[in-house]
Amino acid sequence: MTQQQWTEVDAYLEQALIGEDPALAAALATSAKAGLPEIAVSPTQGKLLHLLSLTAGARRILEIGSLGGYSAIWMARALPAGGRLISLELSPANAAVARANLHEAGLEKVAEVRTGRAADSLAELVDEGAEPFDLVFIDADKPSIPDYVEWSLKLTKPGSLIIVDNVVRNGKVADAESTDASVLGIRRMHEMVAADPRMTGTAVQTVGTKGYDGFTLIRVN
Ligand code: DHB
Ligand code: MG
């Protein structure tokens, strides 16, 4: 199988199952124009996040790593009336694009982007006594993934779902000798998940427009 096939199939699936979506297309165009890297989740992956949010009956969603707000739009659209999404973003420039895109999508009242180091924003949420989140999507700097999972455990409740993006990295995750800080972060996160009775987790490998990667899914017990 080649990247070209994966891309063609993703294009087919997007056309068959998603179709035209002006708000999402505008969010991608605005992000590209602002010079953001084109590494948002793909449309089919975004819809997976939407569907998981719906299935979880999520009323409160936390995202770590907003980029341009593309995945936030998909997830925020799954919220019921009165629901809330909080997305954390290090880069003020990215955060400004994410806020503009969420506003364009009509989601400015349900979705909030907080700028700063995620570790600081997460500590603030704990200090605020934030109501538990039903779903957490971790899509920020990969070396910090174990820390983000630890924070997520403090900010969720039994039954919550934690989703981690980019856990396969073109297969690099299987290299036990790797010195790549991202791979080390992902591998340590998996060790934590396997050893900790507070979590039940598995991972799925994915191919598509974003190449060969994967998601880890964790249920908080
Ligand atoms: C990168 C980061 C991501 O979150 C992603 O989905 C793909 C690539 C990166 O930093 O290269
Ligand atoms: Mg990602």
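Helix α8 covers residues 181-195, and A181 lies in this helix. The model is a predicted one. Is A181 buried or exposed? A181 has 12 other C-beta atoms within 10 Å. A residue counts as exposed if 12 or fewer lie within that distance, so A181 is exposed. Now look for S144. Along the sequence, A181 and S144 are 37 residues apart. In space, their C-alpha atoms are 9.0 Å apart.

Next comes the sheet. How many strands form the sheet, and in what order? There are 7 strands, and the sheet is open. Read across, the order is β3-β2-β1-β4-β5-β7-β6. Strands of a sheet pair through backbone hydrogen bonds, and the pairing can be parallel or antiparallel. Here the pairing is mixed.

Which strands stand at the edges? They are β3, residues 111-115, and β6, residues 199-208. Each of these has a single partner strand, so one side of each is left without a neighbour in the sheet. The sheet also twists. From one strand to the next, the twist averages 15°.

Take one pair of strands as an example. Strand β1 spans residues 60-64, and strand β2 spans residues 84-89. The two pair in the parallel sense, over 5 bridges. Where does I61 find its bridge partner in β2? The partner is L85.

Finally, turn to ligand 1. Which residues are around it? They are I39, D139, D165 and N166. Sorted by class, this shell has 2 charged residues, 1 polar residue and 1 nonpolar residue.

Notes:
Residues numbered from 1 in each chain as written. Chains lettered and ligands numbered in written order. Predicted model: local features only at pLDDT ≥ 70, side-chain atom pairs only at ≥ 80, totals over all residues. Pairing = 2+ DSSP bridges. Helix = DSSP H or I, 4+ residues; strand = E, 2+ residues; numbered from the N terminus. Axes fitted to C-alpha atoms, helices over the stretch in contact; angles between N-to-C directions. Buried ≥ 20, exposed ≤ 12 C-beta atoms within 10 Å, placed from the backbone. Near = placed C-beta within 6 Å. Nonpolar A, V, L, I, M, F, W, Y, C, P; charged D, E, K, R; others polar.
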